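Here is a short report on one structure. Have the sequence and the 3D view open while reading.

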2 protein chains.
Amino acid sequence: MESTQARIAVDAMGGDYAPAEIVAGAIRAKEELGVEILLVGDPQQIRDSAQSDSLRQLEIVPAEGTIEMHEEPLSALRRKPQASINVSMNLVKQGRADAVVSAGHSGAAMAAALLRLGRLKGIDRPAIGAVFPSVIAGKPVLILDVGANVDCRPRFLEQFALMGSIYSRYVLGQDDPKVGLLNIGEEPSKGNDAAVRTHEALANQSAFTFVGNAEGRDILSGQFDVIVCDGFVGNVLLKFAEAVGESVLQILREELPQGIMGKLGVSLLRGNLRRIKQRVDHAEHGGGLLLGVAGIAVISHGSSQAPSFFSAIRLAKEAVDHRVLDQIQAQYQKIAAAALEGE
Amino acid sequence: MESTQARIAVDAMGGDYAPAEIVAGAIRAKEELGVEILLVGDPQQIRDSAQSDSLRQLEIVPAEGTIEMHEEPLSALRRKPQASINVSMNLVKQGRADAVVSAGHSGAAMAAALLRLGRLKGIDRPAIGAVFPSVIAGKPVLILDVGANVDCRPRFLEQFALMGSIYSRYVLGQDDPKVGLLNIGEEPSKGNDAAVRTHEALANQSAFTFVGNAEGRDILSGQFDVIVCDGFVGNVLLKFAEAVGESVLQILREELPQGIMGKLGVSLLRGNLRRIKQRVDHAEHGGGLLLGVAGIAVISHGSSQAPSFFSAIRLAKEAVDHRVLDQIQAQYQKIAAAALEGE
């Protein structure tokens with residue numbers, strides 16, 4: 001445990017339910033996680049969204065406007081230097097915050113992180129990594145990219161694999177993480193051109209353990225610790241997985257308590273059902289970590305409400321406490337140096 | 001009901017569990033569905049895979065070899081004219097069978113269908129359509145392509161959308177089917193280049209009802225009747241969805257009976273748990289229909305075992321009974337003619 005509290009800059013204006021649900025999630029995080037919160041956005045709107053009592057311990061940092069979902073990120077960020085995501089990233093750059101959490105335009109969050117914080121050395125493109133639960137309890141799988149880059153060259157995916165492998169090892173505690181390439185068949189020849197070329201690139205490196213193609217059915221199997229894909233497929237998959245989790249909980253709520261025996265059975269299973277909800281509910285997972293930028297940024301879903309945003313803040317706190325950034329930077333440079341020596 | 005039984009050519013040599021599980025599924029289909037079965041493959045291997053009693057009512061059509069998963073489809077199909085998938089397609093071409101069902105190399109099945117049966121007029125590329133259950137009971141969603149084409153031009157996706165719309169209307173009984181484009185955001189500007197151009201093409205036609213982009217979380221929502229995507233994303237999604245169903249069942253099996261209360265609770269819930277299994281188990285769904293070729297072909301998963309292959313045969317029977325092919329051909333030509341007149 002760190003002796004100092006993690007300081008989290010919260011983009012209070014980003015997301016479908018901003019600022020009310022964002023602020024509510026931040027207030028809960030302040031109370032339960034022991035973090036410092038800087039709420040970035042329009043002070044009046046923030047104050048109107050919650051009771052003044054609960055806002056007392058949160059700092060409000062003024063910002064003007066936000067990047068709308070239909071806006072092209074780069075030009076919008078330049079046109080609105082005081083937009084909440086820009087101001088949030090600046091807080092990290094200035095050392096006033098340790099991490100940013102935003103549920104706004106994910107492309108804009110990535111672009112703002114790139115513009116304000118810059119990339120880690122050796123990384124062409126940052127990726128958003130999301131942790132999925134696998135069927136093996138306590139053995140999650142990290143999927144990246146889940147939305148930052150809709151088109152990916154093999155080199156980008158190789159970098160995602162290396163960053164993912166380091167994250168899995170040092171943060172998720174996985175010895176010798178097994179890396180897979182998301183594809184439509186096991187054989188190296190399967191998939192589109194990009195997939196075939198990426199398979200070749202991953203198979204020909206020695207910085208991490210590439211075990212081959214991962215099909216859709218392998219994602220949750222626990223056989224892979226890290227799976228790389230482009231941000232288009234990854235984003236579709238992430239949003240689908242979250243919705244499936246909700247659908248399953250809905251089916252359980254509908255079917256389990258049917259009949260008298262059902263009601264009695266459910267009353268006995270309350271504790272076990274809570275554990276199942278934790279394993280399948282996406283609000284427990286919260287968001288994706290932007291890997292490859294020189295700062296910690298968690299990108300939460302646009303549809304985030306308070307519980308989900310709370311989890312996103314918890315993810316940011318864990319990343320800060322585990323010194324994720326230092327680990328990736330140090331390990332990436334060490335491995336990259338060794339790879340260069342070996343060439 | 002048709003007065004004549006649907007005649008199904010079964011590629012007995014295709015798939016991870018061929019021929020035993022394929023033959024077992026076919027035997028069950030013969031018994032339960034009232035279809036005629038032609039088992040296509042190596043007669044000796046087929047006979048060795050099941051009891052002679054149960055094979056008595058099934059016709060065996062000799063074939064030599066199969067297309068292996070690592071083989072390049074076109075050259076392999078030409079090198080092995082007597083391969084089981086080639087012989088199966090020929091049976092449809094010769095009018096000896098009404099449909100083909102195969103769990104073999106899906107690219108090879110599509111190529112064989114193209115070579116032997118040809119395309120429907122106006123279709124550049126056939127697609128594999130898969131029916132997913134939505135959260136609204138009795139309102140399934142058709143996703144295509146789920147694996148035939150890993151790279152798709154906007155024109156192909158527009159054709160998939162039209163075929164899917166016709167299938168949804170005439171086979172799934174959906175009035176004015178709502179068509180969506182799988183993408184990573186609602187806005188027309190979202191996604192990669194291909195997605196943006198496809199959105200434009202779909203928005204500018206009048207042959208079917210395009211309602212906009214569908215995100216991963218919308219797939220099971222029941223808001224869309226047809227969702228089009230390239231075969232790479234679709235295939236990942238299909239296999240993921242199937243595995244999620246299995247994973248959920250596994251999590252329930254692990255977590256529900258924990259502790260004494262858990263064991264007691266589960267014993268009370270046996271009936272309700274069986275219903276949950278039926279709602280999430282993929283073996284109930286079976287396979288994908290190849291749309292756009294001049295014949296009915298169902299492509300089942302390589303990992304199909306008997307229950308799943310049985311469902312694939314049932315899908316083929318339904319397609320035959322509903323005269324899917326005639327409907328698509330007639331409707332496609334009518335709509336295409338009207339569109340031409342309007343130009």
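A:Leu202 is buried, with a relative accessible area of 1%. Buried means under 20% relative accessible area, exposed over 50%, and partly exposed in between, using a 1.4 Å probe and protein chains only. A:Leu202 belongs to helix H8 of chain A. Helices (H or I, at least four residues) and strands (E, at least two) are DSSP runs, numbered from the N terminus. A:Leu202 and A:Glu158 are 44 residues apart in sequence, yet 6.1 Å apart in space, C-alpha to C-alpha.

This is a predicted model: local features need pLDDT of at least 70, side-chain atom pairs count only at pLDDT 80 or more, and totals for chains, interfaces and linings use all residues. Residues are numbered from 1 along each chain as its sequence is written, chains are lettered from A and ligands numbered from 1 in the order in which they are written, and side-chain values use heavy atoms, with hydrogens and water left out.

**Helix packing**

The table gives two helix pairs. Axes are lines fitted to C-alpha atoms, for helices over the stretch in contact, and angles run from 0 to 180 degrees between N-to-C directions.

| Helix pair | Axis distance | Angle |
|---|---|---|
| H7(A) (residues 154-170) and H8(A) (residues 193-203) | within 9 Å | roughly 50 degrees |
| H1(A) (residues 20-33) and H12(A) (residues 306-321) | 8 Å | about 50 degrees |

That makes H1(A) oblique to H12(A). H7(A) and H8(A) are oblique to each other as well. Angles under 35 degrees count as roughly parallel, over 145 as roughly antiparallel, 65 to 115 as roughly perpendicular and the rest as oblique. H7(A) and H8(A) cross in a right-handed way. The crossing of H1(A) and H12(A) is right-handed. A crossing is left-handed if the near helix is turned anticlockwise from the far one by less than a right angle, and right-handed if clockwise.

In chain B, 13 of the 17 residues of H7(B) are buried, so this helix is largely enclosed by the rest of the structure.

**Charges over rings**

A:Arg28 lies over the face of A:Phe310, 3.6 Å from the ring centre. In chain B, the charged end of B:Arg28 sits over the ring of B:Phe310, 3.6 Å from its centre. A charge sits over a ring if NZ of Lys or CZ of Arg is within 6 Å of the ring centre and within 35 degrees of the ring normal.

**Backbone features**

The peptide bond from A:Leu144 to A:Asp145 is cis, with omega near 10 degrees. A:Arg323 has a positive phi, near 50 degrees. A:Arg323 is partly exposed, at 47% relative accessibility.
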